[in-house]
Amino acid sequence: MHSNYNFQVMRYKLLVFCLLVFSPLLAIAANRQIKVALIVNTQKGQNDEAAALKKLIEGQSEEFTCQIVSMNHLADVKKCNLVWYQRTDSSDITRLEKKAKKILTRYVENGGQLILSMDAVRLLNEWKIEPESIQIGHHAAIDEGFGREIGFHGYRQHPLFFNMFGGAFPFQGKVDENCRLLGFFDHAAPKAKGAQVIGIFWEKIFYHPEQKIIWETPLGKGRILAIGGCLYYNQPNFYTKLLEQFTTNCLRFMCKDETTVKPMYWVDYQKSVMEPADEKYAPLPLEAPVKWNLPDKDIKLTRNAETYYCDLPTQRCLVVAQEKSGIDEIWTHPFMSLRDVHTYLEIQGVDTLVPLKSFQPEFQIRPNALIRTYHIGDLTLQEIITAKIEGPTVVVHYQWNGSGLN
């Protein structure tokens, strides 16, 4: 009986100890939880988009909790660490959105954080925060064999692209889309005091520095992050994981200062000036052309050329072409050195140059060469494309028999 009593006392003391130690820790953890308000208006599809965004945010981490706030009850955002307004509707700005200026600008000026995404970025003009007109463009995200991926790229690095190698493709739709882009195009840039461009439009392998669609604007003690495209939370998306990572990065960048990634901006991009280099290079020595005798024992595949793509890779180069004619791209890593290479013939009796692509060649591929053989009347023309295995050199060699060329 005495030992059972001692056991009960010890268990009670242990319970009290756990309550004293862990209750404050749980309270601290609860206080550190980031509260995010997701604004919705009365437009069609807003609730579904906000619900999808809420599900994504809360599914990523317990550090975030979300509440959906109607545009009619914006006073509720005062208790939140961050406010996010995602607007995929392209209709005119509503009366409620105009009235939201007073509450939301005061919220940011007092230290709150605000994200405006998609068509919501237009409110920066409406609320007289951004004096430069926000422009609207479109991009046809059509799958022509390389996917429909669209997104943003930073200048070298930025916390928005943490774990994403400097850029993000948050959307690759499962059907072709005509996507809206909002921001500053060509030589235009944000002019609000302290505003900085974070991301440019990026699709497939192409940067578009002339299309600046992510920027940050300080306002009082807080900040506004504007994201003018490529965010679709309620549409089928092959790149859901990338969308999740980018969204989490946005939240952490706005609400925490714990990242080890130094923010870098496209601010100085417009100031860049191309100037000739002082270095002088000796002329590249070229040997006189001679006929090449290709070994017959090489591994090779020969057929009538079609419109399929083919490539010739080496350690330092990559040639990308279509079987029928031309060269689409030449890469000397990490740069694209040349693109869209086409050959024209000066044929006897013809007063204009004739594109080689107008003829049907025989196509042959070897481990070290792409070879096209054209039969044009009495003329047999060979086009041989090869590359140096260990060096950044590509050679296009032509040799022919017969007559017909000037």
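Student: What makes two strands a pair?

Tutor: Two strands pair if DSSP finds at least two bridges between them. Strands are DSSP runs of E with at least two residues, and helices are runs of H or I with at least four, numbered from the N terminus. Strand S14 (residues 317-322) and S15 are joined by four bridges, so they meet the rule of at least two. They run antiparallel.

Student: What kind of model is this?

Tutor: The model is predicted; local features need pLDDT of at least 70, side-chain atom pairs count only at pLDDT 80 or more, and totals for chains, interfaces and linings use all residues. Residues are numbered from 1 along each chain as its sequence is written, and side-chain values use heavy atoms, without hydrogens and water.

Student: How do you know that S15 also pairs with strand S16 (residues 335-341)?

Tutor: Five bridges join S15 to S16, antiparallel. Two residues lie between them in a hairpin.

Student: Which residues stand opposite Trp 331?

Tutor: Leu 318 stands opposite Trp 331 in S15. Met 336 in S16 also stands opposite Trp 331.

Student: Why is strand S15 (residues 327-332) called largely enclosed?

Tutor: Buried means under 20% relative accessible area, with a 1.4 Å probe and protein chains only; exposed is over 50%, and partly exposed lies in between. Six of the six residues of S15 are buried, so the rest of the structure largely encloses the strand.
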